[in-house]
Amino acid sequence: MAVIAPERPGRAPESAVSVVLAGGHEGGAAAGAVHPGRPLAEAVRAALAASAEPVCVVPMTLGRDPGLIADCARALRWLSREEEPGRLVLAPPFATVDHLTAWLRTAALKAVREAPETSAVLVTAPAAGPFEDADLFRVARLVRQYGHHRWVEVAFDGGDPDLAEGAERCRRLGAGHVAAVRAAFAPVTGLPAGVLDTGPLLSDAAIAQVVRARAQEALHRLAHGQDGVTEGLDAEHGHGYAHSHGPGGDHHHAGPDAHDTEPHHTHAHAHGEGHRHAHGQGHGHPHGHSPH
């Protein structure tokens with residue numbers, strides 16, 4: 001649990017808030033986050049007891065864990081039954097896939113700057129589910145498409161392909177050097193010999209800066225009566241197996257995880273997406289620029 005730093009000279013005034021970070025498969029624990037569920041509930045209760053300030057939960061995802069956002073929203077909805085309105089707020093996620101792509105492009109450019117024609121970039125992250133892992137392949141393709149890298153491959157800690165297989169693929173394609181860039185908060189371990197570890201994607205200072213921006217954005221929304229929970233509950237919509245709204249408007253889902261298990265599920269997509277763009281994209285870091 002972290003508390004927003006007090007106002008400093010030369011910096012715009014900030015509202016006081018207690019911040020709790022929640023992390024999932026992208027290794028948010030490395031950034032000081034707790035897992036959703038009981039650890040998150042205990043951290044939020046402790047923050048509520050320690051201060052009269054609002055408590056803000058920031059989902060520490062780099063854009064590939066919509067389930068984390070929904071889990072945080074469910075936890076806050078449950079905890080809010082015990083608290084007065086305005087005490088709990090869910091922040092926008094730490095980053096979107098667009099942020100991740102931009103940060104990886106910057107990291108990849110630095111990693112192969114000395115020999116771009118003979119070096120490969122290996123994007124690594126902990127393995128998760130098939131859809132989350134597929135998202136990383138899409139991100140890597142965009143990094144290659146809009147960069148100056150001949151090879152950009154993907155490998156997972158404990159996944160398919162694993163780190164050794166990813167490095168070997170780079171070499172078979174003709175790369176003389178392989179540099180690993182990290183698409184997660186958790187550091188990579190077990191890199192094969194000869195693969196350059198470029199270190200964390202973001203510095204601690206950059207992470208703190210983004211967290212502060214997300215918390216202040218959440219407080220701005222809270223001042224307008226929006227605690228972020230409703231939008232958060234809908235975060236997983238459209239992620240996973242495809243589903244469609246039938247001709248009669250019926251909501252059909254492929255698979256057992258139907259939304260009717262979540263009685264307060266709503267479909268305010270137009271408001272949710274528009275609000276995220278109106279408020280979220282203006283904070284944080286512009287595409288193509290590193291916050292290091």
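I took two strands as paired if DSSP finds at least two bridges between them. Helices (H or I, at least four residues) and strands (E, at least two) are DSSP runs, numbered from the N terminus.

**Basis.** I worked from a predicted model, in which local features need pLDDT of at least 70 and side-chain atom pairs count only at pLDDT 80 or more, while totals for chains, interfaces and linings use all residues. Residues are numbered from 1 along each chain as its sequence is written, and side-chain values use heavy atoms, with hydrogens and water left out.

**Strand E7.** I looked up the partners of E7 and found that six bridges join it to E5, the two running parallel. Val123 stands opposite Val181 in E7. On E8 I found three bridges to E7, again with the strands parallel; Val178 has Val195 in E8 as its bridge partner. I then checked burial (buried means under 20% relative accessible area, exposed over 50%, partly exposed in between, with a 1.4 Å probe and protein chains only). Five of the six residues of E7 are buried, so the strand is largely enclosed by the rest of the structure.

**Helix H4.** I listed Glu132, Asp133, Leu136, Val139, Ala140 and Val143 as the buried residues of H4. They cover an arc of only 105° around the axis, which puts them on the same side of H4; the arc is that of the directions from the helix axis to the C-beta atoms. The face turned away from this buried side carries the exposed residues Pro130 and Arg138. Among the elements covering the buried residues are H3 (97-111), E5 (119-126) and E6 (151-157), where contact means heavy atoms within 4.5 Å.

**Aromatic pairs.** I paired rings of Phe, Tyr and Trp (its six-membered ring) if their centres lie within 6.5 Å; planes under 30 degrees apart count as stacked, over 60 as edge-to-face and the rest as tilted. The count comes to three aromatic pairs. Phe94 and Phe185 have ring centres 5.3 Å apart and planes at 75°, so this pair is edge-to-face. Both Phe94 and Phe185 are buried. The rings of Phe137 and Phe156 have centres 5.9 Å apart and planes at 55°, so I recorded the pair as tilted. Phe137 is partly exposed at 41% relative accessible area, whereas Phe156, at 0%, counts as buried. I also noted one aromatic cluster formed by Phe94, Trp103 and Phe185.
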